[in-house]
Amino acid sequence: MRAKRLFLSVAAGAALLASGCTTKPAAGELTAQADSCELRLTQHGFLPSASKTVILRTAQAEPVAYEVRDAAGAVVASGISVPGGKNEASADSVHTITLARDLPEGEGYTVSACGAVSHPFAVRADLYAGLSEDALRYFYHNRIGTEIKAEYVQGSQWARRASLTPLSVTCFSGEDMFGNTWPGCAYELEVTGSWFDAGDFGVYPVNLGVSVWTLQHAYERMAEWDAVAEAGWADGRMQLPETGNGVSELLDEARWGMQSLLKLQVPDGAMVWAPKAGTQIEQGKAADLEQIDAGGMVHHKLAGRKWPPLPIWPWNDDQERLLYPPSTSATLGLAATGAQCARLWAGVDDAFAGKCFAAALRAYEAAKAHPEIYASNSFDGSGGYGDGRLYDEFAWAALELYETTGDPAYLADLRANPAFGPVKNAFGWADVDLMPALTLSVRKDVRDRKLSAEGQAIIVRAAEEILTIRDGEGYRFPLGVSEYYWGSNSLVLNRGLVLAAAFDLTGEARFRDGALDAMEYVLGRNVLDQSYVSGYGVRAMRAPHHRIWAGAVNPEFPLPPPGALAGGANNTAMADPVAQQMKGKCAPMACWADDVESYAMNEVAINWNAPLAALAIYLDHTERRASAAASLKE
């Protein structure tokens, strides 16, 4: 049976709270603790075989007794909390409650402690089946250049007509925001397709590449161990336009993004203006531009000249869309994901695999020819995605090409790169150091056993560091007090993927429990008692910063579909007016508002939803495996 979604209306949620759940603060608001008690836990439920953590907010210094009751009101478990003292990230004091792992599957459980009663929760083996589908369906919702059909999005309110198609574009010409004049280029590219990157209508290959890689990596993990069918991700798991083609919908959706990345590659021999190698354009300084043979590089952005208003249907945004200067970082993203794509599609669609491979080779050679072409954040109407450190992207591309080809030249490039070897405990669009090791962690038929062992050791050491971060956080999830920045939820979930990989490598349950801690944070175990995933929880996100899902401010537009992830708490880059009003008034974990105007805290983005989908798929698969193993023992 597929997982049931808890997608309550505002009225239903209010009724539930009035029936006995503790009073919840408004988003961004901290309540005085005194001797009160409040319970914080995932609003989605628990897996039968995994850890079950509840946080008790209380100023009481001594342990507190708790009880767990089933839907009929019978006490099925009890115990005492473990005081944790002051929690810096939330500015309150907390206790940890660890529920029994062997709670029977069922609905309507509650936990109570010192007068507080939690919202009802479920214990269910198929808990993440539905979320894995909805989180992946996010990408179909955001496809560009095609009709979004009601039968694929589970509701006519999210259907929409095709827009931005057909689309042929040329390079930006004219004056940028800093007064620099760009001459443009002498070619056009046919770029119909892609996904809307975030709350705007831009396409950003750096972010696109990382998102495609994450989806392809989730598929490769299963495919390498012949577990696609075991995990339930063979063709037909969910309905997309491609369903029925014999290919997993997970790989189909990744292909949609990959095809877009291929289209943004500069033609051979094309001359393009870019910032002079090694320089970054800064406000108030004259640009030093040069014309380069950019064949094989990738344009850094595809976007309009101005930001579109909010809300707006994409077909009403009639401004010209343009290609922006290429960058080495975007180019290396294509080299890495193209090589990965070639492995996955070989023997399935050899023509597409060959196209990915040829583009990856061209991109890698172009990046080596132009190793320091940095992004220019001098244009209005689109995000910057600037990255001044590119060693990690070169290592990522070299590893993916080596695993696909076995060519020792790529291994030599990897070995000479300082980014491979040192352990980092986080990765994202700008810092991809861990991604080579993650690829090595899932590859069964590795090219080099010594290299594979090194990569696996990197993952396990990174996972140990992540658990240390988790253990130092009173709410028991892997985010440090100084790490609440723009898109912090993606940092948490990407760390969850590292922990998941460590569990695969070691079989140690503590790593899987840590991956669950990451997921349960975004599903409600936080100071705000807030689920950051639309459609999942009694206090689920409803008003993302998104040009289309703007029903919170205009009823002519829909609310978000289930499965969209908000960026999350942010107390470092509080750039929008909503965030600025909260600055200095909220603890780091509480700096968030469910407000469509807050792009710094409540935007959605493909590189945030990709790890949500990948981790949900992973958790669903491992629980299926655990259930199957338990059945064999009976």
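In this predicted model, strands E2 and E6 (residues 92-98) pair in the antiparallel sense, over five bridges. Within that pairing, Val-54 stands opposite Ile-97 in E6. Strand E2 also has a partner in strand E1 (residues 37-40). Four bridges join E1 to E2, and the two run antiparallel. Here Leu-39 stands opposite Leu-56 in E2.

Strand E2 spans residues 53-58, and six of its six residues are buried. The strand is therefore largely enclosed by the rest of the structure. In a regular strand, side chains alternate between the two faces of the sheet. In E2, Thr-53, Ile-55 and Arg-57 point one way. Val-54, Leu-56 and Thr-58 point the other way. Residues on both sides are buried.

The structure holds 22 aromatic pairs. One of them joins Tyr-138 and Trp-549. Their ring centres are 5.6 Å apart, with 70° between the planes. An angle over 60 degrees counts as edge-to-face, so this pair is edge-to-face. The two residues come from distant parts of the chain, 411 residues apart. Tyr-138 belongs to helix H2 (residues 129-141). Trp-549 lies in the loop between helix H13 (509-522) and helix H14 (577-582). Both Tyr-138 and Trp-549 are buried.

A further pair is formed by Tyr-204 and Tyr-385. Their ring centres lie 4.9 Å apart and their planes meet at 45°, so the pair is tilted. Both partners sit in loops. Tyr-204 is found between strand E13 (189-190) and helix H4 (205-224). Tyr-385 is found between helix H7 (350-369) and helix H8 (391-405). The pair therefore ties together parts that are 181 residues apart in sequence. Tyr-204 and Tyr-385 are both buried.

Tyr-138 and Trp-549 also belong to a cluster.

Arg-143 lies over the face of Trp-256, at 4.4 Å from the ring centre. The charged end of Arg-255 sits over the ring of Phe-352. In that case the distance to the ring centre is 4.0 Å.

Terms used:
Residues are numbered from 1 along each chain as its sequence is written. This is a predicted model: local features need pLDDT of at least 70, side-chain atom pairs count only at pLDDT 80 or more; totals for chains, interfaces and linings use all residues. Side-chain values use heavy atoms; hydrogens and water are left out. Rings of Phe, Tyr and Trp (its six-membered ring) pair if their centres lie within 6.5 Å; planes under 30 degrees apart count as stacked, over 60 as edge-to-face and the rest as tilted. Buried means under 20% relative accessible area, exposed over 50%, partly exposed in between (1.4 Å probe, protein chains only). A charge sits over a ring if NZ of Lys or CZ of Arg is within 6 Å of the ring centre and within 35 degrees of the ring normal. Two strands pair if DSSP finds at least two bridges between them.
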